[in-house]
Amino acid sequence: MLQGKNIVLGVTGGIAVYKSVEIVSRLRKAGAQVKVIMTEAAAKFVTPLTFREISQNPVSVSMWTEVANWNVEHIALAGWADLFLIAPATANFIGKVANGIADDMLTTTVMATRAKVIIAPAMNTNMFENPIVQENIKKLIRLGYVIIPPATGKLACGTEGSGRLPEPIDIVTVLTSLQRRQLQSLRGKKVVVTAGGTQEPIDPVRYVGNNSSGKMGYAVAKIAKSRGAEVVLVSGPTYLPDPPGVKVIRVKTALQMRDAVLNEYSDADIVVKAAAVADYRPQQTAEQKIKKSDSNLTIVLEKNPDILLELGQKKTKQFLVGFAAETQELLANAKEKLLKKNLDMIIANDVTIAGAGFNADTNIIKMILTDGTVIELPQLSKEEVAEEIFNRIESLLPVRS
Ligand code: PMT
């Protein structure tokens, strides 16, 4: 989607500047041409040389340096841009643009462009929550600027909260979605996603679990959000931060996951079950830690409810997508689950292959539809897999309703 696009990346002075280098690299890999404008402050964190090398284009910092060609540089760059991204954007930059101040290379170019401007703020939580900054952001949104909300987590200043620059892959995903004009393609739809593995307690310190990291389900939730959906993510225990703008319900056991999903089900339009739910749980959970003894220990496991099966039985308008994690007979087993659970699509992944399934950053999937169509995809990042899943869902939604 970004192939052949001209993107100007504005970089302002914050510790997150190092992530902008990866943004340039990802944009170029996606086929875009990138030109970088840095503020003087940004150039104190990372040198223009780094951006020049990675973008393979000259980098602009000052308005007053000698230019090689006689054209007004900020006007030329403003006209060249198909998309204009500012990441990270400081409170200072946001304040200037919101109030019409153009006193350096970046702000004058932003002021002169007719391209879509996308701003990714990154700063300390208190600064971000400051009413002046919030007012400026609201004003920019009203004026048609796109704001990528900051992520939540540990900040460079040592505090925790909102203000982190989202990961480069997430920022590039927003640009891709914008470019496809799909940013709002799921607007008005409620998408429920499950992610991670469940943990079934044996005693207060042990559990029956599996290797799911949650990465696949979190990627699905992020992409649904980037397309404008209202997203509810029911997550087993993971180390992943909440995706921005997504309602996250954290659970531990299959029974808790079942309750949470059923609660959100009746008005859902799309449900994607990427979670690895434990099929069995210990029949008894010991109140105290089980002591080691000389004899073997037998734990009786009883069956957990099959949440997806139940969703399939209760289905009214929902488009239901399951995952099948298989180690053999991938297609046959996945097709059986598609039918048995009354799904609209199943995503089959052979979890024995390197680069697929549990814990990997990538996945290798086959999408199977109810008419028997099988769409095979190459190894893709989990975010790209999620994009493909929603592309397919969106093409099928009108046919179903
Ligand atoms: O989390 P990651 O580390 O990124 O790994 C991703 C993944 C491998 C977990 C994911 O790609 C995946 O395959 N998820 C489904 C795992 C699984 O439980 O597959 P299954 O074939 O056992 O179950 C089939 C479907 O039924 C799944 O959608 C599952 O959520 C659902 N199910 C299963 C059992 C159960 N009791 N209730 C369910 O709802």
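This is a predicted model: local features need pLDDT of at least 70, side-chain atom pairs count only at pLDDT 80 or more; totals for chains, interfaces and linings use all residues.
Trainee: Over how many bridges do β1 and β4 pair?

Mentor: Strand β1, residues 6-11, and strand β4, residues 83-89, are joined in the parallel sense over 4 bridges. Within this pair, G10 stands opposite I86 of β4.

Trainee: What is the strand order in the open sheet of 8 strands?

Mentor: That sheet has the order β13-β12-β9-β14-β17-β18-β20-β21, and its pairing is mixed. Because β13 (247-250) and β21 (374-376) each have a single partner strand, one side of each is left without a neighbour in the sheet. From one strand to the next, the twist averages 15°. Strand β12 (residues 230-235) pairs with β13 in the parallel sense over 4 bridges, and V234 has I249 in β13 as its bridge partner.

Trainee: Which helix lies across β17, β18, β20 and β21?

Mentor: Helix α13 does so, running at about 150° to β18 (345-350).

Trainee: Where in the backbone is there a cis peptide bond, and which residue other than glycine has a positive phi?

Mentor: Most residues other than glycine have a negative phi, and most peptide bonds are trans. Here the bond from A87 to P88 is cis, with omega near -5°, and P88 lies in strand β4. The residue E329 has a phi near 45°; E329 is placed in the loop between β17 (319-326) and α13 (330-340).

Trainee: What should be noted about the rings, and which residue lies over the face of W80?

Mentor: The structure holds 0 aromatic pairs. K35 lies over the face of W80, at 4.4 Å from the ring centre.

Trainee: Which residues come nearest to the ligand?

Mentor: Of the 27 residues around the ligand, the nearest are S212, S213, K337, N349 and N359. Backbone atoms may also be examined. A backbone N or O atom of G214 lies 2.8 Å from a ligand oxygen atom. For F323, the distance from a backbone N or O atom to an oxygen atom of the ligand is 3.0 Å, and for A325 the corresponding distance is 3.3 Å.

Key
Residues are numbered from 1 along each chain as its sequence is written. Side-chain values use heavy atoms; hydrogens and water are left out. Two strands pair if DSSP finds at least two bridges between them. Helices (H or I, at least four residues) and strands (E, at least two) are DSSP runs, numbered from the N terminus. Rings of Phe, Tyr and Trp (its six-membered ring) pair if their centres lie within 6.5 Å; planes under 30 degrees apart count as stacked, over 60 as edge-to-face and the rest as tilted. A charge sits over a ring if NZ of Lys or CZ of Arg is within 6 Å of the ring centre and within 35 degrees of the ring normal. A residue is near a molecule or strand if one of its heavy atoms lies within 4 Å of it. A polar contact is a pair of N or O atoms within 3.5 Å; within protein, one must be able to donate a hydrogen and the other to accept it, and residues adjacent in sequence count only if both atoms are side-chain atoms. Axes are lines fitted to C-alpha atoms, for helices over the stretch in contact, and angles run from 0 to 180 degrees between N-to-C directions. Contact means heavy atoms within 4.5 Å.
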